[in-house]
Structures are given as C-alpha cells and as structure tokens.
Amino acid sequence: MLNFTISKMTSIKSKYLDRLLEDFRLLSETVLLQISDARKLLSAQNNDSTGELYEEVEKNEIIIDGLDIKVREEVINAIFLFTPRAADLRKVIAYHDMTIYLERVGDLILNVVHSGKRMDLKLPGFEEFEELLSTMLKHSDTMVKNAVIAFSCEDNSMAYATISTDDKVDDLFKQISIKLAESFKERPLSEQELTNIMSINSISYNIERIADNATNIAESAIYLTEGKDIRHQY
C-alpha cells in the first residue's frame, strides 16, 4: 500500500512538473514571437502592413502576463506540495526566476513597439539610426533565444556565450547615444525631430534592458546546470 501511494505521488509530481514545463515553454515562445514582431515593426515604420502586427503584439502581452502569474503560482505550489529535493528545488527556483525575466522582456518589447509608433526615421539625419536599432535588436533577440535554449537544454557553454554577447549591445547603446548628441547639437529641431530623438533614446534603452534580462536568464541556466550563482562575478 505504501509503495502504491509513493508511486502515485511520484506520478502526480511528474505530471505537475510537466505542466509547469509546458507553460514555461509557451511563455518563452510568446516572448520570442514578440521580439520577432518588434523587429518587423521597426523595419516597417508604420506602413499599411503594421496594423495587424500591432494588434498581435498587444494580445501577446496579455498572454505573457497571464502565463507569468500561472507559472509563478505553479512554482509556489510545487514547493509546498512536493517539498522537492536539492536538484529539483534548484530547477523549480530557476523556473521562477526565468519567468520574471521573460515577463520583463515582454514589457520592454511593448515599450519598444510603442516608441516606434511615434518615430519617422525617413527624416533627413535619422536614416542611420534605423540600422543601428535593428542591429541592436537583432543581437538582443539572439541573446534571448540562446538563453532560453541554454536553460531548456541545460547547456552552460551557450549560456556563457550569451553573457559575452551583451557587450555588443552595450557598445551599440553607447554609440547611439553619442551619435544623437553629436548629430543634432546646436541646430533648431522640429517637433517630429524631437520626438524621433526621444523615441530612439527610449528604444535603445529598452533594447539594452532586454539584453540585460537575457543575461539574467543565461545566469539562471548556469545556476541550474552548475548549482552556482555567478551574478556580479565576471
């Protein structure tokens, strides 16, 4: 009877953790889809094809918020219901941290999309910023993808590679700030030009924060595989 009870509890635990994994997978896929849509919108620049994409981004944000709450509740329940041992507990805590980071990425992407709506990079002097922002977002997109893969596949080498890529995003962020200051100093600016400058600043900042959260995800992957916290150590 005791063996049957233990076997049944083990089966319930396995199914519960599988459901947690599935919800987390859906969350990560939705966030990656958001980044892809943000890249399309940034290059499309408010042409006729962007209306449906904006709607999709808003709907996906609702899905991300719902999954964030659901996964975090499942993590708490898993701890209370199954009192997981060290390895399982580390994994469950890592899921909790990852969910927080992915939800933040979702919010940052929404900020990028909203700021992009106000820009007009076809104005003289702004053409080069479209390429810089696109490159920056491409690097951040790759970082989030690789960080999620590193976590899901417990691949610490990919996690470390993701962390090292953050320098590229930081360099582009600084480059954009310097170019904005140098390109438009000591000249009168129209309302749209001022809007462009503020939007570019906002977008580059939010993309840089996306990369930072991808780094956090990679650190969680390393915590999962190696059992050590490397934050602030490199």
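## Residues and helix packing in a predicted model

Ser204 is located in helix H6. The model is a predicted one, and the values below are computed from it. With a relative accessibility of 0%, Ser204 counts as buried, because buried means under 20% relative accessible area. A polar atom of the Ser204 side chain lies 3.0 Å from the backbone oxygen of Asn201. When neighbours within four places in sequence are left aside, Ser204 is in contact with Leu133, Met136, Phe173 and Ile176.

Helix H6, which comprises residues 191-226, also contains Glu193. Glu193 has a relative accessible area of 11% and is therefore buried. Its side chain reaches the backbone nitrogen of Ser190 at 2.8 Å. Residues up to four places away in sequence not being counted, Glu193 touches Leu123, Phe126, Arg187 and Pro188. The C-alpha atom of Glu193 is separated by 8.6 Å from that of Met119, although the two residues are 74 residues apart along the chain.

Is Asp141 buried or exposed? Its relative accessibility is 2%, so Asp141 counts as buried.

The loop between H4 and H5 holds Glu154. Glu154 is not a glycine, yet it has a positive phi of about 50°. At 40% relative accessibility, Glu154 counts as partly exposed, because that class lies between the limits of 20% for buried and 50% for exposed.

| Residue | Relative accessibility | Class |
|---|---|---|
| Ser204 | 0% | buried |
| Asp141 | 2% | buried |
| Glu193 | 11% | buried |
| Glu154 | 40% | partly exposed |

The packing of helix H4 is considered next. How do the axes of H4 and H6 cross, and at what angle? The axes of helix H4 (residues 127-153) and H6 come within 8 Å and cross at roughly 15°. H4 is therefore roughly parallel to H6, because angles under 35 degrees fall in that class. The crossing of these two helices, H4 and H6, is left-handed. Sorted by class, the residues in the contact of H4 with H6 are 20 nonpolar, 4 polar and 1 charged.

H4 also packs with helix H5 (residues 156-183), at an angle of about 160° and with the axes 9 Å apart. This angle makes H4 roughly antiparallel to H5, because the limit for that class is over 145 degrees. H4 passes H5 in a left-handed crossing. The contact of H4 with H5 has 15 nonpolar, 8 polar and 4 charged residues.

Finally, the chain may be viewed as a whole. The protein has 6 helices and 0 strands, and its pattern along the sequence reads α-α-α-α-α-α. Of the 234 residues in the protein, buried residues make up 44%. Among the contacts in the protein with a separation of 6 or more, 83% are accounted for by residues 24 or more positions apart.

Definitions and conventions. Residues numbered from 1 in each chain as written. Predicted model: local features only at pLDDT ≥ 70, side-chain atom pairs only at ≥ 80, totals over all residues. Heavy atoms only, no water. Helix = DSSP H or I, 4+ residues; strand = E, 2+ residues; numbered from the N terminus. Buried < 20%, exposed > 50% of the residue type's maximum accessible area, 1.4 Å probe, protein only. Contact = heavy atoms within 4.5 Å. Polar contact = N/O pair within 3.5 Å; in protein donor to acceptor, adjacent residues only side chain to side chain. Axes fitted to C-alpha atoms, helices over the stretch in contact; angles between N-to-C directions. Parallel < 35°, antiparallel > 145°, perpendicular 65-115°, else oblique. Left-handed = near helix turned anticlockwise from the far one by under 90°. Nonpolar A, V, L, I, M, F, W, Y, C, P; charged D, E, K, R; others polar.
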